[in-house]
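Me: I'd like to learn how to read a few features of a protein model. Could you walk me through them?

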Amino acid sequence: MFKHYLRVDAVNLANFVYDTHDISTIRGGSFILLKAIDNLTQEFNEKLHRVSTAASQGLFWFETHDSNGEKECQELIQAVLKYLAESTKGHATFVAATQKDIPDNFTQVLEKLEAKIHWQQWHLPTVAVPKPESAVQECYLDGWRPGVVQYKVDVVTSVISSATFFRRKEGIKLKQKLFHELLQDEAFLGEISTHDLEELATNPLKGILSGKIAFIHVDGNKFGSIRRKLCSTEIDRANFDKTIQSDFREIFLRELLIQAKAQPDFQTVTKKGERALRLEVLLWGGDEMTLIVPAWKGFEVIKLFYSKAAQLQFKGELLTHRAAIIFCHHNAPVLLIRQLAEELLARTKNDILKSSLTALQPHSPVDQ
């Protein structure tokens, strides 16, 4: 048997996750991708073996019967893409590539896979083109796909697209079990998040902060370059992901949920009379993470995150994060808020690079 690697990426995320201001649709799109890729080892349990999985990417190894294995590789790619298309009802875009193992050079394997993935992505349209359907108007929530499914929320009666309906339906279902699924802990089985951001943010006892949210977006500093430098084997790559997710992010989320369950102002009662946590998880897995909490909890959550991250390291290398926190009204356009958060993170990334370059430059006696 001959060892090969498979990399799978969900691409063009802007048109599957971040193309609407509807929170349930965003949540649904984000976690549909995470679940689809994460389930590949279960679907192909005798063929694929997990190395690492993230929010929209997976790396696996498998074996072929002959050295080249081209036919087996192509058959596996087609089967994987078919499964992913069925899992997402054809509304998301995936690319997949295989690479034969290069003994003692795992880094080169990853580089070849990345090049193949990027080459395919450049040849794809930026959206998963919807099938032709008879429609008289565009989707009320995404603004461009054909509106073909009835949509009625509060006083709004309109139509939405098949893709938005699918994502929104999954996002609403996820709200009932998301924390349990993320942590695989029975202690959080009955914990749900609020119905919407207005419910999350409204608390008359908080005065001017009532109705305001804290949008928190976190990204790792140089995680890509650290992986390339320190992950010379597939075991290293798996351990790196374990360090980030199991040994840190899950511990942080568990502690955050414990605090939320214990603090009355981190909870509310929904219109249906259910107790709900004032917490939204929009993005999970990979290097990034996005949370929404009430404005009065924003700095408290950031403090908890950095207290848990203070000693995070891999093979002696300190792993650090940069974060953007934006305080705004609950009905501010969430996509614009996310865009602003990304711009702030990019600015801090540039500041870090400038600081690093300045530290490396020789100083004159005057500078010193």
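Me: By class, how many nonpolar, polar and charged residues are in the lining of the second largest pocket?

Reply: Some ground rules: this is a predicted model, where local features need pLDDT of at least 70, side-chain atom pairs count only at pLDDT 80 or more, and totals for chains, interfaces and linings use all residues. Residues are numbered from 1 along each chain as its sequence is written, and side-chain values use heavy atoms, with hydrogens and water left out. Here the lining has 13 nonpolar, nine polar and 12 charged residues.

Me: What about salt bridges, and how many are there in the whole structure?

Reply: Side chains of opposite charge can pair when their charged atoms come close. The cut-off is a side-chain nitrogen of Lys or Arg within 4 Å of a carboxyl oxygen of Asp or Glu. A search of the whole structure turns up 25 of them. Take Glu 280 and Arg 27, whose closest N and O atoms are 2.4 Å apart. Glu 280 sits in strand β10 and Arg 27 in helix α1, so this pair ties together parts 253 residues apart in sequence.

Me: Is Glu 280 buried or exposed?

Reply: Buried means under 20% relative accessible area, exposed over 50%, partly exposed in between (1.4 Å probe, protein chains only). Glu 280 has 1% relative accessibility, so it counts as buried. Arg 27, at 0%, is buried too.

Me: Which residues does Ser 193 contact, leaving aside neighbours within four places in sequence?

Reply: Contact means heavy atoms within 4.5 Å. Arg 27 and Glu 280 are among the partners of Ser 193, as are Lys 175 and Phe 179. Ser 193 is buried, at 5% relative accessibility.

Notes
Nonpolar A, V, L, I, M, F, W, Y, C, P; charged D, E, K, R; others polar. Helix = DSSP H or I, 4+ residues; strand = E, 2+ residues; numbered from the N terminus.
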